[in-house]
Amino acid sequence: GAGVDGNVYALAFDGSGNLYAGGFFTSAGGVTVNNIAKWDGASWSALGAGVDGNVYALAFDGSGNLYVGGWFTTAGGVTVNRIAKWDGTSWNALGAGMNTTVRALAFDGSGNLYAGGDFSTAGGVSASRIAKWDGASWSALGAGMNGSVRALAFDGDGNLYAGGWYTTAGGVSASYIAKWDGASWSALGAGMNYVVRTLAFDGDGNLYAGGEFTAAGGGSANYIAKWDGASWSALGAGMNY
């Protein structure tokens, strides 16, 4: 196809192999889509009327519903406030949504959705940059962060890892990355010296973090590092800038 006419910030596949793209664009393959579109392997299509602002994060639940986070206030004409659900046919709000940008989404093994971003309220309740949606209501994860959350990932034991642009999590010192065990926040060693933007786990439970940092755990690590559960290590010479 002709691709999209703007920036793409998020990608996700559904269970049938269709690709969904979110970002800041109005058309895909010549079709008006408004910041989110589906590629079925041959052509682009819209998700209803789309959303009225940037999309930064996409995540599917176990039932094939797509959750979309970003800097928009309406989806398909419905007021949603920075987060919305696409059920394949229509757009739906998740309660009252957030008071500003959602930048990361992740599901736990029980189907709860976690959202990170720049916000200070979720569903009208105080939630500092991170919140949980249980399908009915929003709740805070302790005291949250003192700065933006940009990336979320779960380990095999159900612990949530959050990377971003912050120095405290739950009131404790945590440099740009922290772990939530369901009850409290903790640091991952000395953390990073600057922003973490993306997280991924390998099959052995090691966490990989990427971002704008040049140190992890106090040692040199150029923009990417590995956490083995106890310490940080570099991946060779990392990246150059």
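The model is predicted, so local features need pLDDT of at least 70 and side-chain atom pairs count only at pLDDT 80 or more, whereas totals for chains, interfaces and linings use all residues. Residues are numbered from 1 along each chain as its sequence is written, and side-chain values use heavy atoms, with hydrogens and water left out.

**Stop 1: Arg103**

Select Arg103 and Asp118. They form a salt bridge (a side-chain nitrogen of Lys or Arg within 4 Å of a carboxyl oxygen of Asp or Glu), with the closest N and O atoms 3.0 Å apart. Arg103 belongs to strand β13 (residues 102-107) and Asp118 to the loop between β14 (113-117) and β15 (121-122), so the contact ties together parts that are 15 residues apart in sequence. Strands here are DSSP runs of E, at least two residues, numbered from the N terminus. Asp118 is partly exposed, at 25% relative accessibility.

**Stop 2**

Strands pair if DSSP finds at least two bridges between them. Five bridges join β25 to β26 (residues 207-211), and Ala200 stands opposite Tyr208 in β26.

Select Arg197 and Glu212, whose side chains meet in a salt bridge at 2.3 Å, N to O. Arg197 lies in β25 and Glu212 in the loop between β26 and β27 (215-216), so this pair also ties together parts that are 15 residues apart in sequence.

**Stop 2: aromatic rings**

The whole structure contains twelve aromatic pairs. Rings of Phe, Tyr and Trp (its six-membered ring) pair if their centres lie within 6.5 Å; planes under 30 degrees apart count as stacked, over 60 as edge-to-face and the rest as tilted. Select Tyr67 and Phe107: their centres are 5.2 Å apart and their planes at 70°, so the pair is edge-to-face. Tyr67 sits in strand β8 (residues 66-71) and Phe107 in β13, 40 residues apart. Finally, select Trp165, Tyr176 and Tyr194, which ring pairs link into a cluster.

How values were computed. Helices (H or I, at least four residues) and strands (E, at least two) are DSSP runs, numbered from the N terminus. Buried means under 20% relative accessible area, exposed over 50%, partly exposed in between (1.4 Å probe, protein chains only).
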